[in-house]
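Hi everyone, thanks for making time.

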Amino acid sequence: MDRRDNLRLDGRVAIVSGAGTHGGQGVGNGAATAILMAREGARLVLVDAVSEWMDATKAAIGADGGQATSVVADVTNADDCERAVKTAVETYGALHLLHNNVGGGSVRGSVVEATEEDWQRSTSINVMSMIHMSRYSVPHMKSAGGGSITNVSSVTALRPKAGASSAPYTVNKAAVVGLTQAMALDHAPDNIRVNCIMPGLMWTPRVASGAGAMREMRQTSTPLPTEGEGWDIAWAAVFLASDEARFVTGVVLPVDGGFLLTSAPN
Ligand SMILES: NC(=O)c1ccc[n+]([C@@H]2O[C@H](COP(=O)([O-])OP(=O)(O)OC[C@H]3O[C@@H](n4cnc5c(N)ncnc54)[C@H](O)[C@@H]3O)[C@@H](O)[C@H]2O)c1
């Protein structure tokens, strides 16, 4: 049997935003997803604001025998998103999968502390980025006879961080759930499925900068005695993008080791 016979995403063209590989410990959710999607046969368009970080992901995909092209783009900018989608279609002739991974919680504070600019910045990176990418992708998925979009939220949407609140991040990650559900209904008639992954406390390079006590606290906040990493998100993403999930749309899938079952501080 040919190796490709069993690949879940064979023949698919996929965009992953925030697909760069930071230096440092662990693997980012987006980088792991891009690498695993390519291993499952998809041809990848990597989108990231940092060119060198994408080079590392591209090299990992190439070493596995996969295909990837990269686009340096800021997904908070609508024109950049349009260019990224255009590159996918010009390079591979179609677009079937979009994984909206970019998001961030650098804005801190309550409604009293966060400024209007903070809210705009957080909304722009966590929600508008997904709207821009989806807006330009959906028409191509429709032409291809269907597709799948996965939006990355966070357990913070349901369990705001105790003691170090970020109201803008919580609100925007909750908005990703609403966006997913609205999109799932809007685009179901075009055979486009839209789902959401809700990562728990993952060990990725972004959080690795707070190693030591922070890592220990995150590990002990999760019921399973296993640390979550980028690959856990990637496997969920591959499932949702695959035909095995052909009847799954509008779901919110926590990948959190049981974190949402607890009220532990994060
Ligand atoms: N790491 C966690 O514990 C955790 C928990 C819950 C949710 N999440 C969510 O998972 C997603 C990925 O998080 P991560 O920690 O793996 O990765 P990350 O935050 O380190 O970012 C991954 C990549 O996104 C790129 N990026 C950032 N802003 C961009 C922009 N405006 N345009 C294009 N690229 C941009 C970065 O250059 C980087 O290569 C985010 O949506 C995050 O909110 C992460």
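Predicted model: local features only at pLDDT ≥ 70, side-chain atom pairs only at ≥ 80, totals over all residues.

Numbering starts from 1 along each chain as its sequence is written.

So, the whole thing. We have eight helices and nine strands; those are DSSP runs, H or I of at least four residues for helices and E of at least two for strands, numbered from the N terminus. The C-alpha trace spans about 50 × 40 × 35 Å along its principal axes. Of the 266 residues, 45% are buried, and buried here is 20 or more other C-beta atoms within 10 Å of the residue's own, with exposed being 12 or fewer, partly exposed in between, and C-beta atoms placed from the backbone.

Okay, helix pairs. You describe two packed helices by the angle between their axes and the distance between the axes.

Take helix α1, residues 29-39, and helix α8, residues 230-241: their axes come within 8 Å and cross at roughly 50°. That makes α1 oblique to α8. On the cut-offs, under 35 degrees is roughly parallel, over 145 roughly antiparallel, 65 to 115 roughly perpendicular, and the rest oblique. Who touches whom? On the α1 side, the residues are N29, A31, A32, T33, L36 and M37, and they meet an α8 set including W231, I233 and W235. Contact here is C-beta atoms, placed from the backbone, within 7 Å.

Now α3 and helix α4, residues 116-143. They pack at about 30°, axes 8 Å apart, so α3 and α4 are roughly parallel to each other. From α3 you get A78, C81, E82, V85 and V89, and from α4 H132, M133, Y136, S137 and H140.

Last stop: D74, in the loop between β3 (67-72) and α3 (78-92). Is D74 buried or partly exposed? Partly exposed, because there are 16 other C-beta atoms within 10 Å. Leaving aside neighbours within four places in sequence, D74 is in contact with A49 and D80.

Definitions and conventions
Axes fitted to C-alpha atoms, helices over the stretch in contact; angles between N-to-C directions. Contact = placed C-beta atoms within 7 Å.
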